[in-house]
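Here is a short briefing to read with the model open beside you.

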Amino acid sequence: MTSTSNRVVYWGTGRRKTAVARVRVVPGSGSVTINGRPGDNYLNYNPVYLAAVKAPLQTLGLEAQYDLLVNVRGGGLTGQADAIKQGAARALCDLSPDNRKPLKIEGHLSRDPRAKERRKYGLKKARKAPQFSKR
């Protein structure tokens, strides 16, 4: 939590695959700004991504009371949306310790460990082997 000119700001960092999101939760009207653009515009007007981003606020019933200001980089839109969700949930835990339990139950605080497996030598992809021929 930081305070800048009478405005309380709560910070949270979220990660998913290679995406990293730095999320600021500030008192407002419920708008989402991602990398300086409106949230729905940045997420290609995809309702699934937008719902994921707003899920922690909706879990606590605060979607009309706080704005999300997000800087996100790396990964694709799915990874970025989930990283923003985790960052927002962490920031809301700073807002009030009572928020932690409902967010934890809904799974918003859990880091998804799944990531792309590295390619191994002798293989075409992580596990795909070249075609085998006996002769």
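In which segment does Lys116 lie? Lys116 lies in the segment after α4 (100-106), with helices (H or I, at least four residues) and strands (E, at least two) taken as DSSP runs numbered from the N terminus. This is a predicted model, where local features need pLDDT of at least 70, side-chain atom pairs count only at pLDDT 80 or more, and totals for chains, interfaces and linings use all residues. Residues are numbered from 1 along each chain as its sequence is written, and side-chain values use heavy atoms, with hydrogens and water left out.

**Salt bridges**

- The structure holds five salt bridges, each being a side-chain nitrogen of Lys or Arg within 4 Å of a carboxyl oxygen of Asp or Glu.
- One of them joins Arg16 to Asp112, with the closest N and O atoms 3.5 Å apart. Arg16 lies in strand β2 (residues 7-16) and Asp112 in the segment after α4, so this pair ties together parts that are 96 residues apart in sequence.
- Arg16 and Asp112 are both buried; here buried means under 20% relative accessible area, exposed over 50%, and partly exposed in between (1.4 Å probe, protein chains only).
- Asp112 also meets Arg114 in a salt bridge, at 2.8 Å from N to O.
- A network of salt bridges links Arg16, Asp82, Asp112 and Arg114.
- Another salt bridge pairs Arg127 with Glu117, whose closest N and O atoms are 3.1 Å apart. Both Arg127 and Glu117 are in the segment after α4, ten residues apart.
- Arg127 counts as exposed because its relative accessibility is 68%, whereas Glu117, at 37%, counts as partly exposed.

- Arg114 lies in the segment after α4 and counts as exposed, with 56% relative accessibility.
- Arg114 and Lys17 are 97 residues apart in sequence, yet their C-alpha atoms are 6.7 Å apart in space.
- Lys17 belongs to a positive surface patch together with Lys116, Arg118, Arg119, Lys124, Lys125 and Lys128.
- Patches are made of residues with over 30% relative accessible area and no salt bridge, like charges being joined within 9 Å and nonpolar side chains (Val, Leu, Ile, Met, Phe, Trp, Tyr) within 5 Å.
- Lys116, one of the patch residues, is exposed because its relative accessible area is 80%.

**Helix α3**

- Does the length of helix α3 (residues 77-95) agree or disagree with what its 19 residues should span? At 1.5 Å a residue the helix should span 27 Å, and its end C-alpha atoms are 27 Å apart, which agrees. The expected span is 1.5 Å times one less than the number of residues.
- The buried residues of α3 include Gly79, Gln80, Ala81, Ala83, Ile84 and Gln86. Gly87, Ala88, Ala89, Ala91, Leu92 and Cys93 are also among them.

**The loop between α1 and α2**

- Most residues other than glycine have a negative phi.
- Asn44 has a positive phi of about 60 degrees although it is not a glycine, and its place is in the loop between α1 (39-42) and α2 (47-60).
- Tyr45, found in the loop between α1 and α2, also has a positive phi, near 55 degrees.
- Buried or exposed, which is Asn44? At 52% relative accessibility, Asn44 counts as exposed, and Tyr45 is exposed too, with a relative accessible area of 57%.

Notes: Areas by Shrake-Rupley, 256 points an atom, 1.4 Å probe, with all protein chains shown as cover. Lys, Arg positive; Asp, Glu negative; His and termini not counted. Charge placed at Lys NZ, Arg CZ, Asp CG, Glu CD.
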